[in-house]
Amino acid sequence: MPTMADVARSAGVSVATVSHVLNGTRPVLPHTRRAVLDAIDELGYTPNTLARSLVTSRTRSIGLAVSAISNPYFTEILQGVEAGALEEGYSLLIADPHDDPGHERKVVQLLHERRVDGMIVAPSADPRELIAYLGRHAVPTVFLDRVIDAHTDDTLRFDQVCAENTDPMAGLVTHLAGRGHRRIGLVAGMPGLSTTVERITGYRQGLTAAGLAHDERLVAPGNSESAGAERAAMDLLSLADPPTALITANNAMTIGTLRALRERGLSVPDDIALCCFDDFAWADLFSPRLTAVAQPSKEIGAQAVRVLLNRLAAPDRPARTVRLPCTFVHRTSCGCPERPERAADQSRKGSDS
């Protein structure tokens, strides 16, 4: 079995240089790094990760706690985290807290006991136990997607990476208001999540900007999942003066809302307009095509890895919150006509088939 010394001889460098390339402990010139990596491939050298961790007190692993199974939005974030981690030579240990505070605390402890170097966590609506554990054990942690503010005290600071929520939601409201809608309903997310709070704030700001009155009956909790959104949409549609347009606050709730509209026999956008926060792969395949706010989900995941590695390299630096911009994806479920260039593309596709 080839050793690190064999790699060093083949690459014409010192053993220390091979170690720096493998561990990222010191900058190495690009051509030297390439020579080492080529020698590793040629010899089939496999680093002894366990032995290395005993020497460095690092396992080069990251714990990731996100509700990827129950929330499809986190699937793309997971892909971004994985790509970012692998690029830096880190492995992932993944746990699903199911958005349950008690289970969240258990899975984070489990990841910590596996000696991960740091964690990336999408916190639940009540993260007090989580924060207490992370603070008590001084675990390097980045909060993902959902930010923590009032839940922490002044002595506990965590890095955070998330998307902008308020302004993009306000933009959806003003877009629908510009289409002539005066009663715009919101299917809101799980109470207590920062994303829910910020998107409701954006909804209200959009109403104010459009000169529309706030009617709390037009905000219904969909609990961030499909079944809850179906019930919420049904409640909104049952109002004596129902909304003429709906906004859903995440992609899972978009599916539940569409199911409710189908149950009611309503056509989008002829009977009611629809916009959604969270774009997703098949939104462009619906008829009509869904107007949405697209979050940079993969970049959120990759950025969280970079922020965590910066924290590991400089444990005492001030904590920071990184917010990434969203994109307005203008399609037709809002009631706008098909854009001429899109219609021309569809016509060309039809003539080619």
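**Entry 1: a charge and a ring**

I started with Arg199, which lies over the face of Phe277, 4.0 Å from the ring centre. For this I took a charge to sit over a ring if NZ of Lys or CZ of Arg is within 6 Å of the ring centre and within 35 degrees of the ring normal.

A note to keep beside everything below: this is a predicted model, where local features need pLDDT of at least 70, side-chain atom pairs count only at pLDDT 80 or more, and totals for chains, interfaces and linings use all residues. Residues are numbered from 1 along each chain as its sequence is written, and side-chain values use heavy atoms, with hydrogens and water left out.

**Entry 2: the whole chain**

I then stepped back and found 13 helices and 12 strands in the chain. These are DSSP runs numbered from the N terminus, helices being H or I of at least four residues and strands E of at least two. Of the 353 residues, 49% are buried. Buried means under 20% relative accessible area, exposed means over 50%, and partly exposed is in between (1.4 Å probe, protein chains only). I also looked up contacts, meaning heavy atoms within 4.5 Å. Among those between residues at least 6 apart in sequence, 69% join residues at least 24 apart.

**Entry 3: aromatic pairs**

How many aromatic pairs are there? I found 2, using the rule that rings of Phe, Tyr and Trp (its six-membered ring) pair if their centres lie within 6.5 Å; planes under 30 degrees apart count as stacked, over 60 as edge-to-face and the rest as tilted. Tyr73 and Phe74 make a tilted pair, 5.2 Å centre to centre with 50 degrees between the planes. Tyr73 is buried because its relative accessible area is 8%, and Phe74 is buried at 0%.

Phe143 and Phe158 form a tilted pair too, at 4.8 Å centre to centre and 50 degrees between the planes. This pair links distant parts of the chain: Phe143 is in strand S4 (residues 141-144), and Phe158, 15 residues apart from it, is in the loop between S4 and strand S5 (159-163). Phe143 has 0% relative accessibility, so it counts as buried. Phe158 is buried as well, at 12%.

**Entry 4: helices H1 and H3**

Next I checked how helix H1 (residues 4-11) packs on helix H3 (residues 30-43): the angle is about 120 degrees and the axes are 9 Å apart. Axes here are lines fitted to C-alpha atoms, for helices over the stretch in contact, with angles from 0 to 180 degrees between N-to-C directions. That angle makes H1 oblique to H3; under 35 degrees counts as roughly parallel, over 145 as roughly antiparallel, 65 to 115 as roughly perpendicular and the rest as oblique. From H1, Asp6, Val7, Ser10 and Ala11 make the contact, and among their partners in H3 are Ala35, Val36 and Ala39.

Is Ser224 buried or exposed? At 15% relative accessible area, Ser224 is buried. Ser224 is in the loop between strand S7 (219-221) and helix H10 (226-237). Leaving aside neighbours within four places in sequence, its contacts include Ala188, Met190, Asn250 and Met253.

My last stop was Gln303 in helix H12 (residues 297-313). Gln303 counts as buried because its relative accessibility is 14%. Beyond neighbours within four places in sequence, Gln303 is in contact with Val161, Val322 and Leu324.
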